[in-house]
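Please go through them with the structure open.

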Amino acid sequence: MNVVLLGPPGAGKGTQAKLLGKARSLVQLSTGDMLRAAVASGSGLGRKAGDVMERGELVPDELVIGLIAERMDQDGKASGFILDGFPRTIAQAEALDRLLAGRGKRLDAVVEMRVDDEALVKRITGRFACADCGEGYHDPFKMPKVPGVCDRCGGTEFVRRRDDTEEVVRARLMAYHTQTEPLIGYYGPQGKLRTVDGMADIDTVQEEIVEALDGKG
Ligand code: AP5
């Protein structure tokens with residue numbers, strides 16, 4: 001099964017993709033994670049993408065399409081993909097159709113996660129992660145059990161994403177509403193679109209996604 005998780009910044013795409021990936025043995029393809037890795041490595045692609053990401057704008061289509069194509073080939077034996085943060089434009093959606101068709105696959109469902117803009121700003125500006133293992137936290141929704149110590153690895157260094165300031169989050173939301181929301185009109189007529197309430201708690205959202213994918217939603 002190949003599924004797109006569609007939603008604004010902070011909707012919970014990454015959180016839900018990880019849960020669903022484990023439950024269904026699907027490979028998560030996150031263009032945000034791939035781009036951050038490219039920036040951290042200092043590659044040519046990373047240098048092109050870094051400034052754009054810090055402004056909260058979208059990286060050019062051809063760069064992210066190339067990244068997804070490469071990862072699909074690396075994970076060619078996967079039973080399916082969960083696309084988290086891709087596609088974000090109509091051109092990317094059309095490219096995804098071609099990439100899947102070229103590998104004898106198809107897109108089965110698109111799950112749109114709806115969350116209020118103001119709730120998103122709170123979610124994102126509170127987010128931080130362990131610098132050693134990447135475990136995600138949130139102030140105040142999910143703090144480490146022992147203050148200052150990672151629950152998973154015991155690390156004591158934490159990091160925040162450079163694009164998680166309020167100003168940049170608002171630019172990311174603008175990019176979502178203008179460039180990504182039109183995908184709802186692209187997938188709706190294809191009968192692939194399911195919508196879940198992303199305002200519910202994490203477990204409830206996961207249940208709703210599973211029900212939507214199993215045809216009950
Ligand atoms: P990307 O990394 O994809 O960021 P995003 O879409 O802005 O989404 P986030 O990662 O911020 O949020 P999320 O929806 O995954 O939520 P999460 O689960 O983390 O992209 C970053 C940048 O890269 C873009 O701005 C762009 O520049 C570039 N880019 C990436 N893909 C691109 C593409 N295809 N084309 C062009 N450019 C691209 O949750 C957020 C927080 O909320 C966490 O703290 C979490 O614990 C908490 N949370 C999650 N669910 C809930 C819940 N139900 N209730 C309460 N808290 C919750």
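This is a predicted model: local features need pLDDT of at least 70, side-chain atom pairs count only at pLDDT 80 or more; totals for chains, interfaces and linings use all residues.

1. In what follows, a residue is called buried when its relative accessible area is under 20%, exposed when it is over 50%, and partly exposed in between.

2. R170 forms a salt bridge with E118, in which the closest N and O atoms are 3.1 Å apart. The pair links distant parts of the chain, since R170 sits in helix α7 and E118 in helix α6 (residues 117-125), 52 residues apart. E118 is likewise partly exposed, at 48% relative accessibility.

3. A further salt bridge joins D108 and R106, again with the closest N and O atoms 3.1 Å apart; here D108 is partly exposed at 25% relative accessibility, whereas R106 is exposed at 52%.

4. D163 and R172 meet through their side chains in a salt bridge of 3.7 Å, N to O, and both residues are buried. Salt bridges with shared partners connect R127, R161, D163, D164 and R172 into one network. The count of salt bridges in the model comes to 18.

5. Helix α3 (residues 44-55) has G46, A49, G50, V52 and M53 buried, and the elements that cover them include α2 (31-41) and α7 (166-180). After α3 comes G56, whose phi is positive, near 80 degrees.

6. E211 belongs to helix α9 (residues 202-213) and is partly exposed, with a relative accessible area of 39%.

Methods: Residues are numbered from 1 along each chain as its sequence is written. Side-chain values use heavy atoms; hydrogens and water are left out. Helices (H or I, at least four residues) and strands (E, at least two) are DSSP runs, numbered from the N terminus. Buried means under 20% relative accessible area, exposed over 50%, partly exposed in between (1.4 Å probe, protein chains only). Contact means heavy atoms within 4.5 Å. A salt bridge is a side-chain nitrogen of Lys or Arg within 4 Å of a carboxyl oxygen of Asp or Glu.
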